[in-house]
Amino acid sequence: MSAYSQQLTFFREWIKHPLQMASVLPSGRPLARMMVAAMPTQADCVIELGAGTGVITEALLQHGVSMAQLLVLEMNETLHAVLRRRFPQAHVLCADARQVNELARRTGVLAPAGADAILSSLGLLAMSPQLQHDIVSAALAVLRPGGVFVQYTYGWRSPMHPDVQRQLRLRCRRSGMVWRNLPPAQVYTYVRADD
């Protein structure tokens, strides 16, 4: 599937489900590279939430993450089908991110200590604080000590609600701005305050 076809499919899904989709277009390659660069150096076990058409998935595989140690979740059935065609050997599931703990254990993707990184393309800014809390707490349950939760946003501040950050005891660091993305995006990295 060409990049143009992927963008067209993504746009059509946005038209059908504007409240579920975080963007009109999939992430660009420069954003995907910045997301991957925000991971720990030796990140082997990775979980991706809201993979869309797989731009970040592709960057993870190019970075050297093994398909056996990569779990990719996408809730949209059409985009999930695109991901399955693009990455037939990977663990690509059509599921809600709140189920990540159960799914990671069931697929056997997790390293003994847990995931090294979770990369999220979910539209946190459009979510209620409660939904953010549910998703991020489920993700943290499978993240190893010292692991990172990486999230991008098209907003001008951290996409995670301050109350959610406090409740989950997370420290936030802005990893950078990607101007060569449509629209421009910021990448944030979250770690547990006690790690």
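Leaving aside neighbours within four places in sequence, C94 is in contact with E74, M75, N76, E77 and H80, where contact means heavy atoms within 4.5 Å. C94 sits in the loop between β3 and α5 (100-107). At 36% relative accessibility, C94 counts as partly exposed; buried means under 20% relative accessible area, exposed over 50%, and partly exposed in between, with a 1.4 Å probe and protein chains only. R84 is ten residues from C94 in sequence, and the two C-alpha atoms are 9.7 Å apart in space.

Before going on, a word on the model: it is predicted, local features need pLDDT of at least 70, side-chain atom pairs count only at pLDDT 80 or more, and totals for chains, interfaces and linings use all residues. Residues are numbered from 1 along each chain as its sequence is written, and side-chain values use heavy atoms, with hydrogens and water left out.

**Helix α4**

Helices (H or I, at least four residues) and strands (E, at least two) are DSSP runs, numbered from the N terminus. An α-helix has 3.6 residues a turn, so residues three or four places apart point the same way. At the start of α4, a side-chain oxygen of N76 comes to within 3.0 Å of the backbone nitrogen of T78.

**The chain and its sheet**

The protein chain has seven helices and seven strands, which follow the pattern α-α-β-α-β-α-β-α-β-α-β-α-β-β along the sequence. Of the 195 residues in the protein chain, 52% are buried. Among contacts between residues at least 6 apart in sequence, 68% join residues at least 24 apart.

An open sheet of seven strands, with mixed pairing, runs in the order β3-β2-β1-β4-β5-β7-β6. Its edges are β3 (91-93) and β6 (170-178), each with a single partner strand, so one side of each has no neighbour in the sheet. From one strand to the next, the twist averages 15°. Two strands pair if DSSP finds at least two bridges between them, and two of the pairings are set out here.

| Strands | Sense and bridges | Bridge partners |
|---|---|---|
| β1 and β2 (residues 70-73) | parallel, four bridges | L49 and L73 |
| β4 (residues 115-120) and β5 (residues 143-153) | parallel, five bridges | L119 and V150 |

In β1, V46 and E48 point one way and I47 and L49 the other way, and all are buried. Helix α6 (residues 129-140) lies across β1 (46-49), β4, β5, β6 and β7 (185-192), and runs at about 145° to β5. Axes are lines fitted to C-alpha atoms, for helices over the stretch in contact, and angles run from 0 to 180 degrees between N-to-C directions.

R192 is in strand β7 and is buried, with a relative accessible area of 16%. Its side chain reaches the backbone oxygen of L140 at 2.3 Å and the backbone oxygen of R144 at 3.4 Å. These are polar contacts: pairs of N or O atoms within 3.5 Å where, within protein, one must be able to donate a hydrogen and the other to accept it, and residues adjacent in sequence count only if both atoms are side-chain atoms. Leaving aside neighbours within four places in sequence, the contacts of R192 include A141, P145 and R169.

R169 belongs to the loop between α7 and β6. Although R169 is not a glycine, it has a positive phi of about 55°. R169 is partly exposed, with a relative accessible area of 48%.

**An aromatic pair**

The structure holds three aromatic pairs. In one, the rings of W156 and W179 have their centres 6.4 Å apart and their planes at 45°, so the pair is tilted. Rings of Phe, Tyr and Trp (its six-membered ring) pair if their centres lie within 6.5 Å; planes under 30 degrees apart count as stacked, over 60 as edge-to-face and the rest as tilted. W156 lies in the loop between β5 and α7 (162-167) and W179 in the loop between β6 and β7, so the pair ties together parts that are 23 residues apart in sequence. Both W156 and W179 are exposed.
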